[in-house]
Amino acid sequence: MSILVTAATLPDGTTTDLLVDDGVVVERGTGLSRKGATVIDASGLTTLPGLVDLHTHLREPGYEQSETVLTGSRAAASGGFTAVHAMANTSPVSDTAGVVEQVLALGERHGYVTVRPVGAVTVGLAGERLSEIGAMAQSRAAIRVFSDDGKCVSDALLMRRALEYVKTFGGVIAQHAQEPRLTEGAQMNEGVVSGELGLQGWPAVAEESIIARDVLLAQHVGARLHVCHVSTAGSVEVVRWAKARGIDVTAEVTPHHLLLTDELARSYDARYKVNPPLRTNEDVLALRAGLADGTIDIVATDHAPHPAETKECAWGEASFGMVGLESALSVVQASVVDSGQLEWADVARVLSSTPARIGQLAGYDAPFAVGSPANFTLYDAAARSVFAVDHLHGKGVNSPYLGTELPGRVVATVHNGYPTVLDGRLVDAETVAAGVRRG
Amino acid sequence: MTARTVLQAADITRALTRISHEILESNRGGSDLVILGIPTRGVELARRIAKILDGIEPGSGTVGSLDVTMYRDDLAGQPTRAPSPTQVPAGGIDGKTVVLVDDVLYSGRTIRAALDALGDHGRPKVVRLAVLVDRGHRELPIRADFVGKNLPTALDERIRVRLSETDGAEFVVIES
Amino acid sequence: MRHLLSTRELDRATAVGILDVAEDMADVADREIKKLPTLRGKTVVNLFFEDSTRTRTSFEVAAKRLSSDLVNFSAKGSSLSKGESLKDTAQTLAAMGADAVVIRHASSGAAQVLAQSNWIDAAIINAGDGTHEHPTQALLDAFTMRRRIHGRASRGHDLDGLRVTIVGDILHSRVARSNVWLLQALGASVHLVAPATLLPSELANWPVTVGYDLDEAIRQSPDAIMMLRIQAERMSAAYFPNAREYGRQWGLDDERLARLGPDTMVMHPGPMNRGLEISAGAADSSRSTVLEQVANGVSIRMAVLYLLLASETVA
């Protein structure tokens with residue numbers, strides 16, 4: 001199929017028409033035309049490369065009441081994403097070639113986004129024995145990112161071995177940095193608010209100490225390390241120090257840690273309960289600065305859908321996590337673009353090209369170039385709306401932004417040359433699946 | 001809004017003196033008499049009556065207060081009221097002649113609540129009712145034994161009683 | 001006042017108002033007929049996810065003295081122990097027509113979650129939520145202090161200038177939190193004494209002074225000293241080495257009792273670990289208010305039920 005995007009303003013500020021044929025960009029310039037092409041008028045919109053999430057929970061197999069590959073993919077497309085990395089804490093855990101190939105196949109069949117499974121570092125995420133990293137790397141899913149996310153690889157020796165072993169297959173360990181003993185029973189950031197609310201504190205040092213240990217281990221064994229969802233000012237300092245020493249580390253921050261603080265816990269509304277917890281305003285400012293100066297490489301959503309009943313309860317009984325795919329771009333705009341800290345070209349870097357590079361996902365290094373796969377999203381940065389349940393397209397409604405006014409709206413998303421979102425609405429599943437078959 | 005003064009300070013004093021004499025007369029003396037005022041202004045009126053009684057027959061002016069807030073049947077329809085203290089004299093009320101004192105008798109509901117409250121404090125021999133003003137419009141089969149002044153009123157009129165101890169001025173007016 | 005969730009929401013006038021109504025309620029306890037008809041036809045539910053016979057019984061006596069119907073919905077042997085959610089329980093109680101729900105829950109904030117939800121329209125009274133607050137305990141403590149100072153002439157008084165020292169597991173104590181906010185509202189000053197492990201990591205926003213040394217705090221001759229119950233499980237979690245060391249450092253023993261002023265109130269929310277945080281001599285001394293606290297609990301809870309339930313009109 002053919003798509004003609006007219007008057008697209010690219011992240012570098014240039015304006016051009018884009019002609020897409022058979023999944024790739026075939027022509028750029030002004031005044032382009034193509035008979036029978038689907039025409040999208042992009043004037044007044046921001047055109048971004050397809051967003052790549054390095055940190056998504058799709059929950060399938062095993063937790064289909066929370067999310068499935070299909071529903072999570074739809075949520076991703078509606079947020080402007082064209083690729084997501086599906087975390088390994090499924091049931092069974094994604095710790096074998098069989099499970100990761102199943103997740104890959106589900107993603108391919110539905111076609112809303114490219115689904116890249118993440119392999120577990122340890123068998124059953126138990127933190128005891130390495131999983132079959134080689135088999136997963138060499139499977140049809142070609143796993144390159146390995147993570148026990150949700151749990152920390154806390155055993156120092158096991159972490160060292162994992163960092164070394166994954167080098168063999170050109171992969172990277174994405175560490176969920178959380179010292180388990182320091183966070184037993186922890187409910188929210190340890191500080192002023194936790195003391196007043198009587199909720200058990202989750203100290204910043206529980207994250208920072210693991211990151212400090214891991215960057216030193218990575219340096220020692222000469223391996224690559226990725227740090228998931230950095231949430232404290234101290235963590236930013238540790239990563240900055242590690243990069244200055246030339247350690248091969250990358251780091252991500254979630255949209256919610258760029259915008260929200262632990263003050264929200266005063267409502268005891270479990271929508272604000274997340275792992276790692278929301279921190280203080282000082283942490284938020286340090287994370288924004290770290291993202292702006294490149295200490296933090298990417299933004300990743302940590303989209304974590306949960307059934308309503310696990311959030312409609314007392315804080316201590318609620319699940320950790322919030323959905324984030326649908327709101328990510330708006331929250332990034334609200335937190336760091338509208339404040340002038342990031343340009344749209346930076347957004348393209350932290351939400352597309354760099355996460356693709358970390359995940360070794362091909363086709364995102366030269367977006368919009370003739371011959372490149374056609375993955376992009378058209379975004380209306382001037383729109384504003386009150387975020388509501390009908391903005392959510394996955395199964396989870398555990399968004400912290402419901403009832404909050406946010407900027408921006410995804411108008412269209414194109415994945416591998418066929419639209420998944422048009423006129424601000426998701427394209428139906430049959431049409432998308434047909435696009436996959438033609439592609 | 002217009003206000004018409006119906007009792008001056010001197011009228012109030014005269015009314016209370018007459019009521020005191022009537023109480024003694026109906027009780028055939030001052031023995032076993034307990035005067036209980038209903039907050040707020042009933043308490044002050046009860047104190048004055050007790051003082052007059054003591055002047056006529058020393059030792060007859062045993063006085064206390066009886067809060068009826070917790071016994072009202074109209075709590076639901078109004079903002080929460082803070083109750084006032086109840087002070088039952090040391091000798092109690094069992095077997096006594098209790099005279100309830102209030103400033104204005106209107107629907108009779110306050111007195112109904114007072115009779116219920118009284119029952120939880122003991123069993124008097126006789127209960128009487130003294131009021132400074134009876135403005136009519138009863139909603140219950142209740143009447144006063146001793147009345148300072150009968151004041152026929154319209155439903156939309158208001159009676160205001162002011163006493164020097166509680167209000168710094170002393171008069172009764174009808175507002176309409 | 002629609003709910004009672006935290007003492008933080010009480011200003012001085014409101015707090016004194018509650019204590020004054022409790023004085024009237026205390027008078028009822030002295031009568032032959034210890035009952036008022038005020039809440040006839042109202043239904044109060046004791047919803048106790050955690051066992052607490054003392055608090056539950058205190059609310060039960062209070063509700064019955066005000067003639068309301070009382071339903072006990074306790075964890076043991078009911079659907080609550082079988083994992084029924086707060087939401088389902090609340091909706092069940094709403095369907096039964098509960099006018100007030102007295103909730104005790106192991107999770108901080110549970111009472112507030114219930115009050116903010118649209119699951120039930122009843123007045124919510126927090127009877128202890130996790131390690132957050134226990135507002136009626138703080139109110140009865142303040143009532144007890146006021147009566148010790150002013151006796152029967154307590155009405156209208158606050159606790160201006162009173163110096164209160166709270167000793168023990170501040171970090172996990174809902175009693176301490178509720179007392180800190182209420183005592184501040186009433187004009188008292190609060191000093192906290194505990195090992196550093198049992199204090200919240202950040203106390204900058206708390207209207208208190210803090211120390212580690214009980215003997216130093218006793219030298220300052222406080223007007224009241226409140227000993228908190230220490231839980232045995234804190235030992236295994238390395239908050240302090242053992243009971244003997246805790247008792248030696250932070251227990252109110254007979255020797256420390258002797259150094260307190262003759263009028264210093266010795267308070268304890270109960271149940272006490274005699275010989276650990278408080279000696280038998282201190283608990284039973286004339287300075288001890290422990291039994292007064294229990295008696296006053298009924299009056300305070302009657303006052304709270306009255307103020308929340310008597311009027312359907314929001315003042």
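Two residues are in contact if their C-beta atoms, placed from the backbone, lie within 7 Å. By this criterion, two pairs of chains touch, and the pair formed by chains A and C has the most contacts. Chain A and chain B, by contrast, do not touch, their nearest C-alpha atoms being 28 Å apart.

The model is predicted: local features need pLDDT of at least 70 and side-chain atom pairs count only at pLDDT 80 or more, while totals for chains, interfaces and linings use all residues. Residues are numbered from 1 along each chain as its sequence is written, and chains are lettered from A and ligands numbered from 1 in the order in which they are written.

The contact between chains B and C takes 15 residues from chain B and 17 residues from chain C. On the chain B side, eight residues are nonpolar, five polar and two charged (Ala, Val, Leu, Ile, Met, Phe, Trp, Tyr, Cys and Pro count as nonpolar, Asp, Glu, Lys and Arg as charged, and the others, Gly among them, as polar).

Within chain A, A:Arg144 lies in the loop between helix H3 (133-138) and strand E9 (145-146); helices (H or I, at least four residues) and strands (E, at least two) are DSSP runs, numbered from the N terminus. A:Arg144 counts as buried because it has 20 C-beta neighbours inside 10 Å (buried requires 20 or more other C-beta atoms within 10 Å, exposed 12 or fewer, and partly exposed lies in between). Leaving aside residues up to four places away in sequence, A:Arg144 touches A:Gly170, A:Gly171, A:Val172, A:Gly359 and A:Gln360.

In chain C, helix H12 (residues 290-309) is mostly covered, with 16 of its 20 residues buried.

Notes
The expected span of a helix is 1.5 Å times one less than its number of residues.
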